Amino acid sequence: MVRLLRISLPYLVTSRYHYHDAGPVRRHLVSKIYNPGTLWKESSSELPQKSSEPTSRSQRLMTRAGLIRPSSPGCFHYLPFTLRAMEKLIRLVDHIMHEIGGQKMDMTTLCSAALWRQSGRWDLVGKELFSLMDRHKQEYCLGPTHEESVTHLVAIEGGISHKQLPLLLYQITRKFRDEKRPCFGLLRGREFYMKDMYTFDISEEAAYQTYKNVCEAYCKLFQTLGLKYVKVEADTGNIGGKMSHEFHLPASIGEDRLMVCESCDFAANVETLNEEAKNCPMCSSNLVESKGIEIGHTFYLGTKYSKVFNALCYDPQNKPVIAEMGCYGIGISRLMAASIEVLSTEDDIHWPDLIAPYQICLIPPKKGSKESAALAAAEEIYNALCTVHHLKDEVVLDDRDHMTIGKRVKEAHIMGYPYIIVAGKKTLESPPQFEVQNHRTGEVQYLSKEGVLNFVQGIRVV
């Protein structure tokens, strides 16, 4: 079992959800959240998708739960629950990038074709680019990656002082790639969110250390999310450079073939090995093939781009040196969907707990039922939960009291709330006992109000 790290981060993004005011308590009500789900449809054939499009577990679950909706092939609307989860993931990524000295920026989506031609990639990438021309006949592409842009930026600003090194610049933004065969929902789309970092160092030795630091940060991120990942040696592809690694979540639906050693830490994408390779080049043990979903990719670029654009670093004697570069990507939207893919069952979503849209769903009794006398106790425990400092924005009340408790509990499991608290018949006892369900483990406890408040102190949030 992976031991998760305790992360304490500020809440940076204002809630986008509707709520009513009840004194000092801000209420998140299920009835008010825009969530056009199809939870009670009889079959997946009723989901809004093309029948010819290959689907994945994550796509089926996210569509059924009203988390995403397609707009065009390979492009999706991110609905409120999903956006909450992704904003949490972004805050976690920001925290870990800042720990290693990353500086966040935001580069233009429109990228100059002239820069891409200068690097030689305009024709190399070719049809994967969404290209366009403005009214002045200038050509651009919608950025799938920003090596040219960031290197040109550093170059035209006169280079980098040794006092600023290593320089780690990153952004989290929409990217565009004209996929020939978009499929599997957010796992392979034409429009997606990515964290891309670009680093500059004065020597190979320093650049390799930066490369190591970023890879370790990636490992920390995936461990913090509780994900079982594999780091593999990879081809540099059209990005280029001297060294590359991919990070994968093992999954049967994965489109990458991986070879993993039975005895040591060696693992590689099959495209980097001889097709007949059956033994590990490090220890001669057997290599076992598996499939993986790529969630991160790192490249040591060397001077591939810095030499083209004359991006310089200056040593303590003010001597110019061509910068040694690296680039590092994490598919933010893909990581979110891939997590659902590998953690969920066929029927219920399981989020990495830290990025679940809400941590707790409170379900009061049905109006007019025998348990309806427990409404006052449900109201009291909701108000109390919302005053727990780190959970004040993490509790949602399923106020649809025309529905049975059982139906709302089933829906709560489908949506993937890590913890479900039910005010049922035991809430009528003295003292009232609330049913607390752990969605991941299936464990059920009956706790008093004080017991519930003590229990939720251990829930971690981003």
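I started with helix α6 (residues 204–224), which has 21 residues and reaches 30 Å from first C-alpha to last, close to the 30 Å expected at 1.5 Å a residue. The expected span is 1.5 Å times one less than the number of residues. Helices here are DSSP runs of H or I with at least four residues, strands are E runs of at least two, and both are numbered from the N terminus.

Housekeeping: this is a predicted model, so I kept in mind that local features need pLDDT of at least 70, side-chain atom pairs count only at pLDDT 80 or more, and totals for chains, interfaces and linings use all residues. Residues are numbered from 1 along each chain as its sequence is written, and side-chain values use heavy atoms, with hydrogens and water left out.

Back to α6. I listed its buried residues (under 20% relative accessible area, with exposed over 50% and partly exposed in between; 1.4 Å probe, protein chains only). Among them are Tyr211, Val214, Cys215, Tyr218, Leu221 and Phe222. An α-helix has 3.6 residues a turn, so residues three or four places apart point the same way. After α6 comes Gly226, with a positive phi near 75°.

Next, voids. On a 1 Å grid over the protein atoms alone, a cavity is a set of points where a 1.4 Å probe fits but cannot get out, and a pocket is an open set with protein on both sides within 12 Å along at least five of seven lines; lining residues have an atom within 4 Å of a point. Points are joined across faces, edges and corners, and a volume is the space filled by probe spheres set on them.

The largest pocket comes out at about 920 Å³. I found 37 residues lining this pocket, with Arg177, Met194, Glu294, His297 and Phe299 nearest its centre. The elements giving two or more residues to that lining are α4 (121–125), β12 (191–201), β17 (287–302), β20 (324–331) and α8 (332–343). By class I get 14 nonpolar, 10 polar and 13 charged. For the classes, Ala, Val, Leu, Ile, Met, Phe, Trp, Tyr, Cys and Pro are nonpolar, Asp, Glu, Lys and Arg charged, and the others, Gly among them, polar.

Asp393 sits in the loop between α9 (375–386) and β22 (395–397) and is buried at 7% relative accessible area. Its side chain makes a 2.6 Å polar contact with that of His28. Glu87, in helix α2 (residues 80–99), also counts as buried, at 13%. I noted 8.3 Å between the C-alpha atoms of Glu87 and Ile355, which are 268 residues apart along the chain.

Last, strand β23 (residues 419–422). Both faces are covered: Tyr419 and Ile421 on one side, Ile420 and Val422 on the other, all buried. Strands count as paired if DSSP finds at least two bridges between them. Strand β21 (residues 360–363) pairs with β23 in the parallel sense over 4 bridges, with Cys361 opposite Ile420. Strand β24 (residues 434–438) pairs with β23 in the antiparallel sense over 4 bridges, and there Ile421 stands opposite Val436. For the polar contact, I took N or O atoms within 3.5 Å, one able to donate a hydrogen and the other to accept it; residues adjacent in sequence count only if both atoms are side-chain atoms.
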